[in-house]
Amino acid sequence: MLRLPPFKLLRPRTLAEAAAMLADEGAAAGRAVRLVAGGTDLWPNMKRRHQKAATVVSLMGIPGLAGIGNGRHHARAGEEDGGEVRLGATTLLDGVARNPLVAARYPALATAVASISSPPLRNMGTIGGNVCVDTRCTYYNQTEEWRRAIDYCMKEEGTICWVATSSPRCWAHSASDSAPMLCALGARVRLVSRQDEREVAVEALYRDDGIDYLAKRPDEIVAEILLPAGAGAARCRSAFWKLRRRGSIDFAVLSVGAALWFDGDEEGGAGRAGGANGGEDRTGAGPRALGESLAGRVVSQARIYLGAVGSYPLPAAAAADCLVGRPLSAETIAEAARLARRVATPMDNTDFQAQWRSVMVGRYAEAALREIAGLAPERLPPRHLPAAGPDRAEAARARDRH
């Protein structure tokens with residue numbers, strides 16, 4: 001049986017108290033202090049001695065960190081005022097996936113979150129935890145005895161990357177399913193420390209480094225995620241496709257998050273691919289019908305991000321840029337898919353052969369864009385994709401029952 005090592009557990013009741021505890025325990029100085037919410041990533045990692053901590057600060061006793069709201073006020077189920085939507089960091093993944101407001105305004109994000117792991121873990125894991133989830137690698141995510149037998153890799157206590165033995169860096173891949181979609185939507189995160197508070201774009205939260213993959217300071221807490229009004233379904237069409245061996249449990253070996261805006265719609269998108277300029281929806285218009293065909297519409301903005309093929313959510317900027325100013329068609333989609341494949345360099349650090357995953361980058365990028373256009377995807381969709389329309393939450397419940 002794998003057991004947790006000894007550590008000190010702190011349970012703050014407010015966000016300010018949690019930030020003070022992190023500072024007092026020496027997080028900024030690099031001491032072994034970690035945050036925990038649902039614990040679905042940290043506890044197994046500590047049991048396998050992947051991650052070490054002398055002190056763990058739990059966020060689950062802070063009431064204000066959980067919940068989904070419009071603007072700065074929590075919204076009732078289905079309530080909508082057209083402003084940005086805020087996801088509290090300790091909101092359970094299942095709560096995000098099933099929330100009517102999220103499903104109506106950001107359906108691809110609901111799809112991405114619903115694809116994470118399995119129902120039991122989605123009822124324990126949190127959206128903030130998934131945004132900050134550790135990177136993964138075949139040579140790292142093993143038992144301590146296995147890792148010791150081959151000599152530890154540089155992500156732990158060794159000096160070599162077993163994926164690329166001549167490389168000076170770690171190539172562990174990003175494992176968050178929500179991150180590529182949040183990046184595509186131009187979402188932001190609010191970071192809180194005892195010293196200050198700031199907001200950054202989700203894509204700015206990550207580094208291209210398998211070890212030091214988060215760009216936030218160790219004493220900062222992800223307090224909430226902000227979804228821009230301009231990326232809502234009234235202004236933006238989005239899609240998320242994820243590749244894995246099974247339809248549940250497994251981490252992604254590839255994911256694609258895409259969001260497009262079109263000429264003729266109101267202004268207020270999330271900026272160009274790689275940017276994050278949120279807009280405000282002042283019209284109160286409802287979302288487009290999810291079955292509406294957008295083939296032939298001119299794309300005004302595009303954002304495409306790839307997951308699990310790099311140490312951070314990888315922006316496919318050239319693929320997005322090639323769509324802008326052109327009518328969306330099968331031909332432009334195929335061109336964008338080819339460009340998306342060029343930026344991805346899958347490594348032999350997860351399930352399936354890296355060469356095949358590279359091919360599938362283009363195929364899945366094309367399928368996601370065809371879904372946005374309302375065209376047939378021309379390939380078998382992932383089993384986790386929920387039904388479109390207002391019955392999305394009920395479809396997810398029915399799928400989980402079976």
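Predicted model: local features only at pLDDT ≥ 70, side-chain atom pairs only at ≥ 80, totals over all residues.

Biologist: Okay. How many helices and strands are there in the protein chain?

Modeller: The protein chain has 13 helices and 13 strands. Those are DSSP runs numbered from the N terminus, with helices being H or I of at least four residues and strands being E of at least two.

Biologist: And what share of the residues is buried?

Modeller: Of the 402 residues in the protein chain, 55% are buried. Buried means under 20% relative accessible area, exposed means over 50%, and partly exposed is in between, using a 1.4 Å probe and protein chains only.

Biologist: How much of the contact count is between residues 24 or more positions apart?

Modeller: Among contacts in the protein chain with a separation of 6 or more, such pairs account for 67%. Contact here means heavy atoms within 4.5 Å.

Biologist: Let's go inside. Why is helix α5 largely enclosed by the rest of the structure?

Modeller: Helix α5 spans residues 107-114, and eight of its eight residues are buried, so it is largely enclosed. Among them are Pro-107, Leu-109, Thr-111 and Val-113.

Biologist: Is α9 mostly covered or mostly open, and what covers its buried residues?

Modeller: Helix α9, residues 178-185, is mostly covered, with eight of its eight residues buried. They include Ser-178, Pro-180, Met-181 and Cys-183. The cover includes helices α5 and α7 (127-131), along with strands β9 (221-227), β10 (236-243), β11 (254-262) and β12 (299-307).

Biologist: Which residues touch the most other members in the largest nonpolar core?

Modeller: That core has 45 residues, and the ones touching the most other members are Leu-87, Leu-109, Val-113, Met-181, Leu-182, Ile-225 and Leu-227. A nonpolar core is a set of buried Ala, Val, Leu, Ile, Met, Phe, Trp, Tyr and Cys residues joined through side-chain atoms within 4.5 Å. There is also a second, separate core of 37 residues, which includes Trp-241, Leu-294, Ala-302 and Ala-336.

Biologist: What does Ile-225 touch?

Modeller: Leaving out residues up to four places away in sequence, Ile-225 touches several residues, including Val-85, Leu-87, Ile-127, Leu-182 and Val-189.

Biologist: Switching topic, how many disulfides are there?

Modeller: Counting pairs of cysteine sulfur atoms within 2.5 Å, the count comes to zero disulfides.

Biologist: How many cavities of 30 Å³ or more turn up?

Modeller: A search of the whole structure finds six. A cavity is a set of points, on a 1 Å grid over the protein atoms alone, where a 1.4 Å probe fits but cannot get out, and lining residues have an atom within 4 Å of a point. The largest cavity holds about 70 Å³ of space, where a volume is the space filled by probe spheres set on the points, and grid points are joined across faces, edges and corners. Of the 13 residues lining the largest cavity, Cys-137, Cys-153, Cys-161, Trp-162 and Cys-170 are the closest to its centre.

Biologist: What is Ile-150 in contact with, neighbours within four places aside?

Modeller: Tyr-139 and Trp-162. Ile-150 lies in helix α8, residues 144-150, and counts as partly exposed at 31% relative accessibility.

Biologist: Last one: where is Arg-49?

Modeller: Arg-49 is in the loop between α2 (42-47) and β3 (55-58). Its phi is positive, about 65°, although Arg-49 is not a glycine. Phe-352, in the loop between α11 (330-343) and α12 (354-373), is also a residue other than glycine with a positive phi, near 70°.

Notes
Residues numbered from 1 in each chain as written. Heavy atoms only, no water. 1 Å grid on protein atoms, 1.4 Å probe; cavity = no way out; pocket = protein on both sides within 12 Å on 5 of 7 lines; lining within 4 Å.
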